[in-house]
2 protein chains.
Amino acid sequence: MKAILSHRSIRKFKNTPIDESLLNDILYAGSRASTTGNMQVYSIVVTKDQSIKEQLLPCHFGQEMVTQAPVVLTFCADFNRFNKWCIQRDATPGYDNFLSFITASIDALLAAQNICIAAEDKGLGICYLGTTTYTADKIIDILKLPKGVVPITAVVLGYPDEKPELTDRLPMPAIIHREVYQDYSEGDIDQIYAAREAMPLTKKLLKENKKETLAQIFTDNRYSKKDNVTFSKVLLYVLHKQGFMNNDM
Amino acid sequence: MKAILSHRSIRKFKNTPIDESLLNDILYAGSRASTTGNMQVYSIVVTKDQSIKEQLLPCHFGQEMVTQAPVVLTFCADFNRFNKWCIQRDATPGYDNFLSFITASIDALLAAQNICIAAEDKGLGICYLGTTTYTADKIIDILKLPKGVVPITAVVLGYPDEKPELTDRLPMPAIIHREVYQDYSEGDIDQIYAAREAMPLTKKLLKENKKETLAQIFTDNRYSKKDNVTFSKVLLYVLHKQGFMNNDM
């Protein structure tokens with residue numbers, strides 16, 4: 001619980017390697033996560049080699065932590081292993097469809113979060129790389145992911161060389177709905193975002209970006225429609241290519 | 001770490017309600033999870049009402065724990081709140097695409113796993129409901145989820161009334177790849193599944209199901225191609241209906 005409550009993303013790491021047995025303990029914690037039907041339809045690629053991390057760097061938009069952190073973990077939805085097992089055991093796998101991709105992604109993400117919490121509990125720092133799905137096609141090539149395998153997220157891991165403040169979060173009523181979904185009125189939205197909009201950091205960002213509202217920084221700069229559409233096409237292409245879009249009998 | 005390592009899915013619950021402040025602490029732990037760009041594009045529907053749980057029961061294939069557990073949490077990918085905020089702040093949201101659905105699903109799943117670990121740390125038991133994506137269309141109606149919101153997983157929560165053994169997992173080399181993906185040889189697959197295939201439980205299942213291999217129980221009974229294709233269609237329909245498949249500018 002302490003590890004969960006004190007999570008902050010770490011983007012600067014010490015030049016200290018992670019002891020192999022500690023890394024194995026953390027990875028083992030990942031394997032204890034819930035998994036659909038105990039199929040464990042995910043894989044974790046553990047990359048330490050500097051030259052491979054340098055290849056991954058542009059996939060993660062040049063964020064220096066990718067080469068600076070001693071370890072990059074790439075979490076993949078993976079039906080390749082399960083399919084191979086089925087075929088070797090006279091069973092006909094039917095996992096080349098969208099539902100199976102989502103099932104495998106859920107497995108991968110629950111394992112990822114277990115690993116992040118275990119790492120933080122052991123004094124390490126982590127940061128998720130949301131760029132993983134944006135450039136999944138390139139990551140597939142670099143990490144040699146076969147058909148049936150799609151990278152869904154990645155995490156950099158190492159000893160923190162910074163201690164940032166806890167990030168603000170929306171007030172709890174923003175994300176919690178009692179019994180059924182309670183849709184937001186205009187007043188609710190104003191209230192939910194009021195504290196964030198009043199932060200000195202927000203004022204600073206508005207000035208720097210020459211924008212009138214914080215929301216415009218998201219829609220125009222950080223997560224634009226143009227980028228989202230481009231990355232949607234990449235990801236759907238990847239699902240086809242990796243064999244997860246055969247949605248007919 | 002202790003909570004992570006001792007996780008087992010709980011399917012029988014005591015008739016003891018969860019104290020509201022404890023529940024709030026656990027939900028708060030969810031809000032501390034990593035989230036893309038701090039957007040928190042997820043929602044959690046907390047259902048305690050018996051009549052609503054009874055409506056959810058068939059969506060979860062009649063698993064009794066849904067009505068027996070004091071609380072059902074439904075985790076949703078949610079861009080509705082964020083879109084509303086953008087529109088109220090003269091910003092044009094571009095989040096009606098597949099990438100945004102995946103981004104929001106990742107947010108929801110990391111929060112879900114934080115909540116499960118926090119709950120187990122406090123002595124509660126949990127079980128994920130993989131059925132959530134299979135019947136997302138019906139859950140949307142029952143929980144009144146508006147456009148921009150898709151249920152991605154659910155969890156039952158309560159005080160355990162059983163203590164099952166830890167579930168077996170594949171040996172670690174099955175899921176871990178060093179530097180890049182190391183594809184599996186036939187011998188690797190045999191080795192990975194050997195211990196599971198030799199378990200007395202497996203022998204029992206083969207007899208009960210009149211199958212020759214454990215893999216056939218998965219492909220023919222538990223997760224058949226026919227079901228996967230049906231549920232893939234449901235989920236893709238839901239993505240269209242909830243506004244996540246406009247993948248052009």
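Predicted model: local features only at pLDDT ≥ 70, side-chain atom pairs only at ≥ 80, totals over all residues.
Which residues does Ala119(B) touch, not counting residues up to four places away in sequence?

1. Ala119(B) touches Ile26(B), Leu124(B), Ile126(B) and Leu157(B), once residues up to four places away in sequence are left out.

2. Ala119(B) belongs to helix H6 of chain B, which covers residues 98-121. Ala119(B) counts as buried because 27 other C-beta atoms lie within 10 Å, where the cut-off for a buried residue is 20 or more. Lys84(B) is 35 residues from Ala119(B) along the chain, and the C-alpha atoms of the two are separated by 31 Å.

3. Strand S1 of chain B, residues 42-47, is mostly covered, with 5 of its 6 residues buried. Within chain B, S1(B) pairs with strand S2 (residues 71-78) in the antiparallel sense, over 6 bridges. One of the residues involved is Val46(B), whose bridge partner in S2(B) is Leu73(B).

4. S1(B) also pairs with a strand of chain A: S5 (residues 176-178) runs in the parallel sense to S1(B), over 3 bridges. Here His177(A) stands opposite Val45(B).

5. Chain A has 249 residues, of which 50% count as buried. Its secondary structure comes to 12 helices and 5 strands. The C-alpha trace of chain A spans about 60 × 45 × 35 Å along its principal axes. Of the contacts in chain A between residues at least 6 apart in sequence, 79% join residues at least 24 apart.

Conventions
Residues numbered from 1 in each chain as written. Chains lettered and ligands numbered in written order. Buried ≥ 20, exposed ≤ 12 C-beta atoms within 10 Å, placed from the backbone. Helix = DSSP H or I, 4+ residues; strand = E, 2+ residues; numbered from the N terminus. Pairing = 2+ DSSP bridges. Contact = placed C-beta atoms within 7 Å.
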